[in-house]
Amino acid sequence: MSRSAILNLRIEPEIKAGVEELFGSFGLTVTDAVNVFLRQSLMRGGFPFEVVRYKPNAITQAAIAEAERLLCDPTAKTFTSMDELRADLLSDGDDEL
């Protein structure tokens, strides 16, 4: 079958370079890979992979909440270097750092 339809895509240059390298490692061009994606989409009647919204697990959610709390806490300690942080941690009695 002749390839006569043209599909123009606008993507970030870094993405283009990355997929060219990735697909090239499989011996494919970006055009080849897009054709694989489109054919698989038609065969499956949708995306050829699961499309889901990312939902972090409970541990990650707790870490995010703690980070947000610390960022909004005017009394939270701040450090300008790793040496300052290490000194503060060691002053709490933890000498194994």
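Trainee: Phe-47 first: does it count as buried or exposed?

Mentor: Phe-47 counts as exposed, because its relative accessibility is 53% and the exposed class begins over 50%. Keep in mind that this is a predicted model.

Trainee: Where is the place of Phe-47 in the chain?

Mentor: Phe-47 sits in a loop, the one between α2 (30-44) and α3 (58-72).

Trainee: Which residues form a nonpolar patch on the surface with Phe-47?

Mentor: The patch consists of Leu-7, Leu-9, Ile-11, Ile-15, Phe-37, Leu-38, Phe-47, Phe-49 and Val-51. Together they have about 890 Å² of accessible area.

Trainee: I see several Phe residues there. How many aromatic pairs does the count come to?

Mentor: The count is three aromatic pairs. One of them is Phe-37 with Phe-47, a tilted pair with 6.3 Å from centre to centre and 55° between the planes.

Trainee: Which parts of the chain does that pair link?

Mentor: Distant ones: Phe-37 belongs to helix α2 and Phe-47 to the loop between α2 and α3, with the two residues 10 apart. Phe-47 also pairs with Phe-49: the ring centres are 5.6 Å apart and the planes stand at 45°, so this pair is tilted.

Trainee: Why does 45° make it tilted?

Mentor: Because planes under 30 degrees apart count as stacked and those over 60 as edge-to-face, with the rest called tilted. The 45° between Phe-47 and Phe-49 falls in that remaining class.

Trainee: And which residues form one aromatic cluster?

Mentor: Phe-37, Phe-47 and Phe-49. Phe-37 counts as partly exposed at 31% relative accessibility, and Phe-49 is partly exposed too, with a relative accessible area of 47%.

Trainee: OK, changing topic. How many salt bridges does the structure hold?

Mentor: Four. One of them joins the side chains of Lys-16 and Glu-20, at 2.7 Å from N to O.

Trainee: How many residues apart are Lys-16 and Glu-20 in helix α1?

Mentor: They are four residues apart in helix α1 (residues 13-24), which means that about one helical turn separates them. Lys-16 is partly exposed at 42% relative accessibility, and Glu-20 is partly exposed with a relative accessible area of 38%.

Trainee: What about Glu-66, which side chain does it meet in a salt bridge?

Mentor: Arg-69, at 2.8 Å from N to O. Both residues are in helix α3, three residues apart, so about one helical turn lies between them. Glu-66 counts as partly exposed at 37% relative accessibility, as does Arg-69, with a relative accessible area of 43%.

Trainee: And Asp-88, which side chain does that one meet?

Mentor: The side chain of Lys-77, in a salt bridge of 2.8 Å from N to O. Asp-88 is in helix α4 (residues 82-91) and Lys-77 is in the loop between α3 and α4, so the pair ties together parts 11 residues apart in sequence.

Trainee: Does Asp-88 count as buried or exposed?

Mentor: Buried: Asp-88 has 17% relative accessibility, and the cut-off for buried is under 20%.

Trainee: Last one. Which residues do salt bridges that share partners join into one network?

Mentor: Glu-66, Arg-69 and Asp-73.

Definitions and conventions:
Residues numbered from 1 in each chain as written. Predicted model: local features only at pLDDT ≥ 70, side-chain atom pairs only at ≥ 80, totals over all residues. Heavy atoms only, no water. Patch = residues over 30% accessible without salt bridge, like charges linked within 9 Å, V, L, I, M, F, W, Y side chains within 5 Å. Areas by Shrake-Rupley, 256 points an atom, 1.4 Å probe, with all protein chains shown as cover. Buried < 20%, exposed > 50% of the residue type's maximum accessible area, 1.4 Å probe, protein only. Phe/Tyr/Trp six-rings, centres within 6.5 Å; stacked < 30°, edge-to-face > 60°.
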